[in-house]
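Subject: Structure handover and notes

Dear colleague,

I am handing over the structure below, followed by my notes on what was found in it. Please read the notes with the sequence and the coordinates open beside them.

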Amino acid sequence: MAEVARVAPVARAARVVLARLGGAAFVLWMVATLTFFAVRLIPGDPAEAILGGPGSQTSPEALAAVRAEYGLDQPVLVQYLAQLGRLITGDLGRSYALNQDVAPLLIGQLGGTLLLAVLALGVAWLLALGLATWSSRGGRVAWTVGSGLEIVAAALPHFWLATALIVLFSVWLGWLPPISTPGAAGLVLPVLTLAVPLAGFLGQIMRESLLTALESPFVLSARARGESELGVRWVHAIRHASLPAISLSGWAFGSLISGAVVVETIFARPGLGRTLLNAVTVRDVPVVVGAVLIVAVGYILMTLLTDLAQRIADPRLRAR
Amino acid sequence: MSDETDVGVPGAASVTGAGEGPGGVAAGVAPAVRVRNLVVGFGPKDGADPVLNGVSFEVAPGECLAIVGESGSGKSVTARSLLGLAGDNAWVRADELSLAGSDVQNLSEAQWRRRRGRDVGLVVQDALVSLDPLRPVGREIADSLRLHTRLDAAARHTRVLEALERVGLPDAGNAMRKRSGELSGGQRQRALIAAAIALDPPLLIADEPTTALDVTVQAQILDLLATLKRAGTGILLISHDLAVVGRIADRIAVLCDGRIVEQGPADEVLTRPRHPVTRTMIAAIPVDKPRGLRLNPRAAEPVLPSLSYQSGVAPGSSPDDCDRDTSPTTVLEAIGLVKRFTRPDGSEQLAVDSVSFRLERGTTLGIVGESGSGKTTSARLALALTRPDAGEVRVLGQAFSAVPEKERRALRPHLGAVYQDALSSFDPRLSVEQVLRDAVAGGARRTGRVGASAGAADRLRVLGLLEAVGLPQGLLGRRPLSLSGGQRQRVSIARALASGPQILICDEPVSSLDVTVQAQVLDLLDELQRNLGLSLLFISHDLGVIQHVSDQVAVMLDGRIVETGATARVFAAPEHPYTQALLGAVPRIGF
Amino acid sequence: MSDLEIQAGLGRSPRTSPSHRFGVAEVLAGLFGLFLITAALFPALVAPGDPLGIDPLSAFQTPSPAHWFGTDESGRDIYTRVSHGTGSSLLIGTLATMIGLGLGLVLGTLAGMLGPVVDFTVNRFLEVLFAFPGLLLALLFILIFGPGVATATVAVGLATAPGYARIIRGQLILVRSSAFVEAATVLGRSPGRILVRHVLPNALAPLFVLGTLGIGQAIVWASALSYLGLGAAPPAAEWGAMLAAGRTYIGSAWWMSFFPGLFIVLTAVSATALGRGIERRMRHA
C-alpha cells in the first residue's frame with residue numbers, strides 16, 4: 001500500500017521530467033532547422049563568402065574546391081542532415097573570417113559572458129528587492145519614487161547607461177577603468193550597466209506582488225500573531241514577491257545576453273556577445289549560427305532551471 | 001492615537017466593575033476584552049461618518065459574545081481595532097479599550113506587537129489564504145511561540161503538536177509539515193485556530209470562521225470553538241449569520257451601520273428580538289420557513305405591475321397561455337448524466353455519475369450538496385454548456401444536449417440562467433442597459449421586427465424587465481461593477497427573463513449575498529415564479545434556502561443523487577444517512 | 001523583447017481610488033509626447049537650423065544659450081540634430097511596434113481561436129522563437145538581409161512579435177472562457193455574434209496600451225542596433241546613430257552622447273507613463 005503510494009509520484013515526476021526534456025530537445029531541433037534554412041536565404045554564393053566576399057577575385061577552381069569541402073554541392077536535404085549530424089557531435093563548423101573552428105572559439109568566449117551575466121543578475125535582484133521592499137513601506141511618496149525609479153531604470157538603453165557611467169566614473173572621477181581590464185575593478189561598470197535596467201523590470205514586478213502579499217489575509221494573520229513589519233516582509237512577503245520574478249529568469253537571461261552584445265562592445269571586453277556582433281558585421285555565418293545555437297541551448301537550460309527553481313520556491317506547484 | 005483619555009497605565013483600567021453590561025462578568029476576574037464607546041474612522045481625524053460609532057461590549061473568560069451584522073456594518077473593523085490593526089489611515093478613539101484587564105489605548109506599535117498573539121488571537125475567514133501558502137502550517141503555528149517565548153526549537157515543536165491536538169487535528173505530526181493547500185478546508189481551519197491559540201490567549205477573535213466551509217465541517221468547527229470556550233477562552237465571534245452564532249454564543253450584539261442596535265443573551269435576542277434590524281435578519285433566515293412565505297416582510301408590495309417586457313415573445317411561452325397549468329408536464333429532464341474530468345495528474349474523476357431528475361412545470365426542483373458534490377457541473381450540463389459523457393438533457397420534451405448547438409439555439413430562449421457570481425457574467429464593457437438590450441434584442445430578431453420601432457420596443461421591454469425585478473430606471477446607465485451584490489443579481493435575473501423563458505436555472509444565486517438581501521432575491525424569484533408560471537432548477541449548498549424554495553429536492557454526494565423526493569418529506573424524514581447528517585448540521589435558531 | 005517585458009510595463013499601480021484626474025507624471029509625459037510629435041512632423045518649428053549644416057569653427061562647443069545641447073565634431077548643433085532625428089526615431093519605433101503587434105495579432109489569434117491543434121502548433125513555434133531571446137532574432141535577421149534602417153526596423157518588429165503573440169493568445173483564451181461569454185451562449189447567441197460583440201472588444205482592448213508601451217522599448221532597441229552600426233548610419237540624425245558618432249569623443253564631449261540618449265530615455269519613460277495611464281483609465285472606466 002505504502003509502496004504503491006510512493007511509486008506513483010515518482011513515476012509521475014519521471015514522466016514530467018521526460019516530457020520536459022523531450023520538449024527541450026524538440027525546440028533545439030527546430031532552432032537548428034530554422035537557422036539552417038534562414039541562413040540559406042542569404043543572397044549570394046556562400047563559397048564566395050568563404051573566400052572573402054563577392055569582391056575578391058576567386059578562380060572557379062577555388063570556388064569548386066570550397067564547395068566540395070563544405071558540402072555545398074550536395075542536395076539541400078543532405079546538407080541539412082549533415083549539419084544536424086555535426087551539431088549532435090558538437091561540431092559548429094569553421095569560421096569564414098577567422099579560419100578557426102567555431103565550437104572551441106565560442107566556448108572560450110563563453111566564460112567571460114557568463115560571469116558578467118551571473119553577476120549582473122545577482123546585482124539586479126539585490127537592487128530590485130531593496131527598492132521594492134523600501135518603497136512598499138513608506139506610503140504614497142515612497143511608492144511614487146520607487147515606481148518612477150523603476151520605470152526610468154527599465155527605459156535606460158545599455159549603450160547610453162554605459163556611456164554615462166564611463167563619463168562619470170572614468171573620465172570625471174577617474175575611479176574605474178573605461179574599458180574592461182582583467183580583475184574586479186574592470187567588472188564594476190559592465191555589471192552595473194547590465195544590472196540597472198534589469199533591476200527596473202524585476203522591481204516593477206516584485207513590488208506589485210509584494211503589495212499583493214502584504215494585503216493578503218495570511219499577512220494579517222501574521223501581524224495578529226505579533227509579527228513585526230520587518231518579520232512580515234522577511235518571513236512572508238519577500239518569498240511571494242520573488243515568485244513572479246523567478247519565473248522571469250528565462251527572459252532575464254535573454255535580456256542579459258542581448259545586453260552583453262552591447263556592453264562587451266563598449267567596454268572592449270572579450271566575450272560571446274562581442275564575438276557575435278563582429279561576426280554579424282562581417283557576415284561570418286558559421287560563427288553567428290554557432291553563437292545563436294549556444295544562446296538557444298543556454299536559454300532552454302535556463303527555462304528548465306527556472307521551472308525547477310519555481311517548484312522549489314512554490315510548493316503549490318509540486319502537487320501538479 | 002487618542003487625545004481624550006488618560007495616558008494608558010498598564011493594568012489600571014479607569015473604570016471599576018460597577019455598571020457592567022449584561023454579560024455579568026464574575027467579580028474579580030478581568031474581562032478578556034472590554035470596550036466602551038469605541039469610535040473608529042478612516043481618513044482625517046474626526047472627519048465625517050466614522051465606521052464604528054460608540055460601540056461598547058465586553059467578553060469574560062469562558063464566554064462567547066457574537067457580533068452579528070451584514071457587510072459594511074463594521075464587524076471586521078471592530079475585530080481589527082482590538083488588535084491595533086485597524087489600518088494606517090484609521091483613527092481609533094474609546095472611553096475604554098482593554099485586553100486581559102490592561103488598557104491598550106496609546107500603545108506604541110512595539111507594545112502592540114507584544115500583546116498580539118499573547119493576549120488576543122485572531123482567526124479569519126478562509127484558512128487557505130490566512131495561512132501562508134508557502135510555509136508548513138507547523139511553522140505558522142510556531143511563529144507566535146518564536147515571537148513571544150524563549151522556547152527552543154524542540155520545545156516549540158512539542159507545543160505545536162499540543163496545539164494541533166487541542167484543535168482535534170488527526171495525525172498532528174504529519175499535518176504540521178503540510179502547507180495550507182495540502183489540507184482540507186476543515187483541517188486548515190483547525191490549523192489556523194491552533195496558530196491563534198498556541199499561546200493560550202484569554203481572548204480569541206473569530207471573524208467569520210466558518211463562512212467558507214461546508215455545513216457539516218462548519219458544525220465541527222463551531223463545536224471546537226465551544227470546547228475552547230468551556231476551557232476558559234473568551235471568544236468574540238463575528239458573523240453575518242444569526243443562525244450560526246446561535247449554536248455557541250452566550251450573548252449576541254447586533255451591529256448595524258457602526259452601532260450596536262441590540263445586545264443581550266443569545267436566546268433572548270434570537271427568540272424575542274426587540275430591534276427592527278434584528279427582526280428583519282431573523283425573518284430573513286429561510287430555514288424551516290414554508291414555501292411561499294415572504295422572507296422580507298418590509299417590502300410586501302406586489303411585484304410585476306406590468307408585464308410589458310413579455311410582449312413580442314414567441315407564442316406558447318406567454319403566461320396567459322391557457323393550457324399552461326392544466327397538466328403537470330416535465331419541462332426539463334436529465335437522464336443518466338455522466339461527466340468525467342481528468343485531474344492534472346492524469347487520473348479521472350467522476351464529477352457527475354448517473355444523475356437523473358425531472359423538473360415539472362411551475363415547480364421548483366432544488367439540488368443540494370456540499371462543495372465538490374457535482375451540483376454546478378449538473379447545472380452546466382442542464383444548460384448544455386458542458387457535453388455529458390453519457391446520458392442526455394431534454395427540454396420541453398425535445399432533445400437538448402444531444403443536438404448540435406445550432407439546433408439547440410432554438411430552444412435556448414426557453415431557458416434562463418442565473419449565476420452565483422453575477423458580476424463576472426456581465427461583459428465588463430457594457431452598461432446595465434446594454435446588457436438588457438442585448439438580451440431582449442435576440443427576441444425581437446426572432447419575431448422579425450427591425451429598425452427604429454424595434455429599438456423603441458426594446459427600450460420598453462428593458463424598462464419592463466427592470467420594473468419586474470424591482471430596480472429603478474436610474475441604474476440603466478451604470479456598469480454592473482458599480483452596483484451592489486443584490487442589484488447585480490436582480491439585473492442577472494432580468495437578463496434571464498428577457499427571452500420569456502419557461503425554465504430558470506439558478507446556480508447558487510444567493511450564496512454571495514447578505515441574509516437580508518438574499519431574502520429579497522428569494523422573495524423576488526418566488527413572486528416571478530408564481531406570476532410567470534416559471535419552473536426553477538435551484539442549486540445551492542444551503543439547506544435552509546433549498547428547503548424554503550423547493551417543491552422537490554435532490555441531495556447530491558460525490559456526483560450522485562443519494563436522495564430525492566418531496567421537500568417536506570425529505571426534510572421531515574430523511575432516509576439516506578448523508579441527508580440525515582446534513583440536516584443535523586444545519587444551524588437553526590432555537591434548536 | 002518578450003511578453004514579460006511588456007507585462008512588466010503593464011504593472012498595476014497601488015490600490016488607489018479610481019481617479020480620473022491626470023497624474024503629474026502623465027501630464028509631463030503627455031507634454032513631452034506632444035513635443036516629440038511636433039518635432040517629428042514639423043522639425044523646423046522646434047529647431048529652425050539645418051541638422052546637417054557643418055560649421056567647423058564652432059566644433060565641440062559645450063552646451064550654451066547659443067547651442068543648448070552643444071555642438072559635435074563638425075560644429076553641427078546637437079539640439080537641432082536631436083529634434084530633427086525625432087521623426088526617424090519615432091517612425092522606426094512605431095513601424096517596428098506595428099510589425100510586432102501585427103505579427104503577434106496573427107499568431108495570437110490563430111492560436112487563441114482555431115482550436116487545440118493550431119494552438120499547440122503555434123505554441124511550439126513561439127517556443128522556438130523564444131529560444132532566440134532578445135536581440136538574437138534581430139541579429140539573425142540582420143545577418144541575412146544586411147544592415148540598414150529598414151532591416152533594423154523589421155528586425156526589431158520581428159523580435160517583439162512572439163511576446164505580443166503570447167499576450168494576445170492569453171487574452172483571447174481568457175475572454176473566451178469567461179463567464180460572460182458563457183452567459184451569451186446561454187442566451188442563444190451565435191458564435192460569430194459572441195466573437196464580435198464580446199470576445200474581440202474585450203481581448204483586444206489592451207492592444208492600444210501594449211502598443212504605447214511597446215513604442216518606447218522599440219525605439220530603445222532600434223537605436224541600440226544603430227549604435228552597433230547595424231541600423232541607421234551617421235551622419236543621419238537618428239538618435240542611436242548620433243550616440244554612436246559621439247562614442248569616439250566620450251572623454252572630451254560628453255554632450256554629444258548624453259542628449260540623444262536622454263531623448264531616448266525620456267521617450268521610453270513617457271511611453272510607459274502614458275501607457276499605464278491609459279490602462280488605469282480603461283480599467284476604471
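B:Ala572 has its place in helix 19 (residues 567-572) of chain B, where helices (H or I, at least four residues) and strands (E, at least two) are DSSP runs, numbered from the N terminus. The C-alpha atom of B:Ala572 is separated by 9.6 Å from that of B:Leu583, 11 residues apart along the chain.

Please bear in mind that this is a predicted model, in which local features need pLDDT of at least 70 and side-chain atom pairs count only at pLDDT 80 or more, while totals for chains, interfaces and linings use all residues. Residues are numbered from 1 along each chain as its sequence is written, and chains are lettered from A and ligands numbered from 1 in the order in which they are written.

Two helix pairs in chain B come next. Helix 8 (residues 215-230) and helix 20 (residues 577-585) of chain B have axes that come within 8 Å and cross at roughly 50°, the axes being lines fitted to C-alpha atoms, for helices over the stretch in contact, and the angles running from 0 to 180 degrees between N-to-C directions. Helix 8 and helix 20 of chain B are therefore oblique to each other (angles under 35 degrees count as roughly parallel, over 145 as roughly antiparallel, 65 to 115 as roughly perpendicular and the rest as oblique). Their crossing is left-handed, a term used if the near helix is turned anticlockwise from the far one by less than a right angle, with right-handed used if clockwise. In this pair, B:Val215, B:Thr216, B:Gln218 and B:Ala219 of helix 8 meet B:Ala581, B:Leu582 and B:Ala585 of helix 20, contact being counted if the C-beta atoms, placed from the backbone, lie within 7 Å. The residues of this contact divide into 5 nonpolar, 2 polar and no charged (Ala, Val, Leu, Ile, Met, Phe, Trp, Tyr, Cys and Pro count as nonpolar, Asp, Glu, Lys and Arg as charged, and the others, Gly among them, as polar).

Helix 4 (residues 137-148) and helix 5 (residues 153-166) of chain B pack at an angle of about 115°, with their axes 9 Å apart, and the crossing is right-handed. The residues of helix 4 that meet helix 5 include B:Gly138, B:Ile141 and B:Arg146, and their partners include B:Arg156 and B:Val160; the contact divides into 5 nonpolar, 1 polar and 3 charged residues.

Turning to chain C, there are 12 helices and 0 strands, and buried residues make up 55% of its 285 residues. The C-alpha trace of chain C spans about 80 × 50 × 30 Å along its principal axes. An unreviewed UniProt entry places the feature "transmembrane region" at several stretches of chain C, among them residues 125-144 and 207-233; UniProt positions are given in the numbering used here, feature names are shortened, and annotations may be inferred rather than shown by experiment. Residues 125-144 of chain C are 80% helix and 0% strand, with end C-alpha atoms 20 Å apart, whereas residues 207-233 are 78% helix and 0% strand, with end C-alpha atoms 32 Å apart.

Finally, the contact between chain C and chain A takes 41 residues from chain C and 50 residues from chain A. On the side of chain C, helix 12 gives the largest share, 10 residues, and the residues of that side divide into 28 nonpolar, 10 polar and 3 charged.

Best regards

Conventions
Two residues are in contact if their C-beta atoms, placed from the backbone, lie within 7 Å. A residue is buried if 20 or more other C-beta atoms lie within 10 Å of its own, exposed if 12 or fewer, and partly exposed in between; C-beta atoms are placed from the backbone.
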